[in-house]
Amino acid sequence: MAALWGAVIFSGIYHGINPGMGWPLAVSAALMEQRAKALPKALAMLAAGHFMAMIAILLPFSMMMFLVEWETEIRVGAGLLVIAMGVYLVINRRHPKFLARVHPARLALWSFLAAMAHGAGLMLVPIYLGICAIAPDDTGHLAAEALMQNNITVAFLVALAHTGAMTLAGGIIAWIIYVWLGLKFLSKTWFNLDLIWAISLIIVGAFGIYAALYGH
């Protein structure tokens, strides 16, 4: 269980480091407004959009988990879905064009759409389902309603922990670039994690399937 929660935090840090989740936009906003206060404000907007994207993905699975007798099938299906998203992103490496049409002032909306388009929420699903896994000897003692309420609470906690880690990691990078390095440095040293991102989705999906069949 500690490892699963650690994966929630680590995936948040991973998302935060990835420029595709928006921290360069926070740097840009602060530089354009020429005041440091614009940076945390932009990061907060990006965090809000990312959090809503995580909840939008996790909540439907939390409501399905009360079907205890189908728990393994749900977890395997979720793992296959994550793998499919990863394979799609490996094949289709182009950045979603519709993200460029979102107004720069609507950072929360951009963050929500970016997380959905990149499958950021899907990456959390196998980890989340592992946290919510039910021991065979517990099934007769858990009412469906109580189980679903617990899983919804866990969904919010997972989304909150993940988004907090993402915001902290991305915020540190954004602050360093804003205060010391500047966008010129960023333009010269831009790093693209799209392929690594896609491969990580496949790995997480495979891990989710393995954990459902043979693990926790």
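This is a predicted model: local features need pLDDT of at least 70, side-chain atom pairs count only at pLDDT 80 or more; totals for chains, interfaces and linings use all residues.

Trainee: Which residues of helix 1 are called buried, and what makes a residue buried?

Mentor: The buried residues of helix 1 are L4, V8, S11, G12, Y14, H15 and G16; the term requires a relative accessible area under 20%.

Trainee: How do you know that the length of helix 4 agrees with its number of residues?

Mentor: Helix 4 has 21 residues, which at 1.5 Å a residue should span 30 Å, and because its end C-alpha atoms are 31 Å apart, the two values agree. Its buried residues include E71, I74, R75, V76 and A78, and among the elements that cover the buried residues of helix 4 are helix 3, helix 5 (107-117), helix 6 and helix 8.

Trainee: What makes a set of residues a nonpolar core, and which members of the largest one touch the most others?

Mentor: The members must be buried residues of nonpolar kinds such as Val, Leu and Tyr, joined through side-chain atoms within 4.5 Å. In the largest core, which has 36 residues, L58, V125, Y128 and V158 touch the most other members. Helices 1, 3, 4, 6, 7 and 8 each supply at least two residues of this core, and the largest share, nine residues, comes from helix 6.

Trainee: What is Y128 in contact with, beyond its neighbours within four places in sequence?

Mentor: Y128 is in contact with L58, F61, S62, N151, I152, V154, A155 and V158.

Key. Residues are numbered from 1 along each chain as its sequence is written. Side-chain values use heavy atoms; hydrogens and water are left out. Buried means under 20% relative accessible area, exposed over 50%, partly exposed in between (1.4 Å probe, protein chains only). Helices (H or I, at least four residues) and strands (E, at least two) are DSSP runs, numbered from the N terminus. Contact means heavy atoms within 4.5 Å. The expected span of a helix is 1.5 Å times one less than its number of residues.
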